[in-house]
Amino acid sequence: MKNSRMILLLAAALAAAPTGRSAEARSGKGLQRWLKAVNSVGPEGAGNEKASRAWKRLAAQDASQLVDVLNGMKGSNELSENWLRSAAETIADRTLEGGGKLPVADLQKFIGETGQNPRARRLAFELIRRVEPKTAEKMIPGLANDPSVELRREAVQRLMNQGSKQIADGKKEVGGATLKKALDHARDIDQIKSISKSLRELGHEIDLPRHFGFLMHWNVIGPFDNTDRGGFDTVFPPEKAIDLTAEYDGKKGRVNWSELVSSDEFGMVDINQAYPGNIKEVTAYAYTEFKSKTARPIELRLGCKNAWKVWLNGKLLFGRDEYHRGMRIDQYRLKGELKQGTNTILIKACQNEQKESWTKEWQFQLRVCDATGTAELAEDRPPTPKSAPKGKKTASVN
């Protein structure tokens with residue numbers, strides 16, 4: 001809220017600011033300095049004063065600098081991203097109100113650069129739709145397999161609508177094929193569930209964990225301590241070496257590894273199933289292996305509302321020391337490299353001290369895919385569990 005008020009005040013002040021490109025802006029040096037200042041904004045107001053001055057200069061630029069501002073969102077944190085989005089929108093609004101034109105061709109080219117900030121690319125699309133709706137409409141089908149979830153949803157919805165109409169017209173086989181294509185491209189849970197329901201009504205077998213590459217078979221160990229949230233940075237034995245036969249000192253006594261198998265359609269692994277009682281201030285590890293035929297780049301896509309860290313082949317990919325921010329499919333995208341043969345994946349998940357009902361979930365979902373979100377399957381992937389194999393714990397979260 002504080003950041004939003006700041007931006008509104010800046011927008012009001014902009015009316016008194018000079019517009020157009022100064023010599024400094026034309027040289028490019030000023031623009032890069034202002035972008036850097038805005039991208040230095042941090043929590044609790046850190047860098048706000050310097051960023052507010054830079055924002056004012058950015059928002060005063062003309063439409064020829066619009067794509068440069070969008071480009072500045074690459075690598076932005078959530079705060080600076082909002083500031084730069086506001087600057088871009090201010091440039092566009094002032095340009096159109098003054099009878100000017102937006103650089104549609106440049107915006108289209110920017111959207112085609114899939115490594116750019118997903119929300120910046122979405123904003124570029126919305127700006128095109130604002131001034132040339134027919135151009136935007138023609139772009140939608142080509143976005144169905146875009147790496148950015150922000151851009152593919154409408155294309156998926158078109159396929160869903162097309163498939164439903166084909167089925168209603170009596171063309172069930174054709175409609176089913178269209179819906180299967182939609183499922184290939186869908187990344188939003190509501191669309192996935194709707195497509196799956198329609199396909200199952202047509203008699204198709206849908207194996208969502210396999211389709212999306214969710215990892216269902218894990219070994220878990222815990223609970224280790226997380227008093228005062230100290231477990232996130234504490235190096236417990238599984239971080240040093242994986243020995244599934246080992247036994248260690250845990251939070252309350254000795255702990256060892258056990259198998260935990262998920263039968264949830266979206267690969268949800270519920271650690272509370274392994275350690276019942278909704279225990280708090282604890283840390284656990286989950287380990288699995290992934291056999292790959294070749295060495296190749298992949299993404300590990302994680303959903304988790306607890307504090308977490310992820311290692312691939314012993315290398316820490318990333319971690320977040322935050323709790324209960326919400327959870328969704330593909331919440332975090334971690335780039336990694338599979339080696340040929342057996343790869344190891346280790347997840348650390350911490351529970352904090354909060355006791356509210358909504359804080360008791362201790363779970364994660366993880367899938368292996370390429371940059372577009374298409375599943376990459378292990379060479380030795382077992383069949384998707386319908387329920388836990390005999391003698392193994394199951395996590396089924398619906």
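This talk walks through one predicted protein model, from confidence to pockets to backbone details.

Some ground rules. Residues are numbered from 1 along each chain as its sequence is written, and side-chain values use heavy atoms, with hydrogens and water left out. Because this is a predicted model, local features need pLDDT of at least 70 and side-chain atom pairs count only at pLDDT 80 or more, while totals for chains, interfaces and linings use all residues.

Confidence comes next. pLDDT is the predictor's confidence in each residue, from 0 to 100. The chain averages 89. At least 70 is reached by 89% of the residues. Residues 1-23 have a pLDDT below 50. That stretch still has 32 contacts in the model beyond near neighbours in sequence. A contact here means heavy atoms within 4.5 Å. Residues 389-398 are also below 50, with 31 contacts in the model beyond near neighbours.

Now the overall picture. The chain has 14 helices and 13 strands. These are DSSP runs, numbered from the N terminus: helices are H or I with at least four residues, strands are E with at least two. Of the 398 residues, 48% are buried. Buried means under 20% relative accessible area, exposed means over 50%, and partly exposed is in between, with a 1.4 Å probe and protein chains only. Take contacts between residues at least 6 apart in sequence: 74% of them join residues at least 24 apart. The accessible surface comes to about 19600 Å². Carbon and sulfur atoms hold 50% of that. The areas come from the Shrake-Rupley method with a 1.4 Å probe; for residues, only the protein chains shown count as cover.

On to pockets. The search uses a 1 Å grid over the protein atoms alone. A pocket is an open set of points with protein on both sides within 12 Å along at least five of seven lines. A cavity is a set of points where a 1.4 Å probe fits but cannot get out. Lining residues have an atom within 4 Å of a point. Grid points are joined across faces, edges and corners, and a volume is the space filled by probe spheres set on the points.

The largest pocket has a volume of about 1300 Å³. It is lined by 34 residues, and P118, R119, Q331, Y332 and R333 are the closest to its centre. Which elements each supply at least two lining residues? They are α6 (78-97), α8 (118-131), α10 (149-168), β9 (315-320) and β10 (332-338). β10 gives the largest share, 4 residues. By class, the lining has 10 nonpolar, 10 polar and 14 charged residues. Nonpolar means Ala, Val, Leu, Ile, Met, Phe, Trp, Tyr, Cys and Pro; charged means Asp, Glu, Lys and Arg; the others, Gly among them, are polar.

The second largest pocket has a volume of about 400 Å³. Its lining counts 25 residues, with H217, T288, E289, D380 and P382 nearest the centre. β1 (217-225), β4 (258-262) and β6 (282-292) each supply at least two. β6 has the largest share, 5 residues. The classes here are 13 nonpolar, 5 polar and 7 charged.

The whole structure has 1 cavity of 30 Å³ or more. The largest cavity holds about 40 Å³ of space. Its lining includes C304, W308, R320, H324 and Y332.

Now the backbone. Most residues other than glycine have a negative phi, and most peptide bonds are trans. Here are the exceptions I picked out. The peptide bond from G222 to P223 is cis, with omega near -5°. P223 is found in β1. D228 has a positive phi of about 55°. D228 lies in the loop between β1 and α14 (237-240). D330 has a positive phi of about 60°. D330 sits in the loop between β9 and β10. D228 has 70%, so it counts as exposed.

K309 is buried because its relative accessibility is 12%. Leaving out residues up to four places away in sequence, K309 touches F232, D233, L316, F318, G319, L346, I347 and K348. The C-alpha atoms of K309 and C350 are separated by 9.2 Å, and the two residues are 41 apart along the chain.
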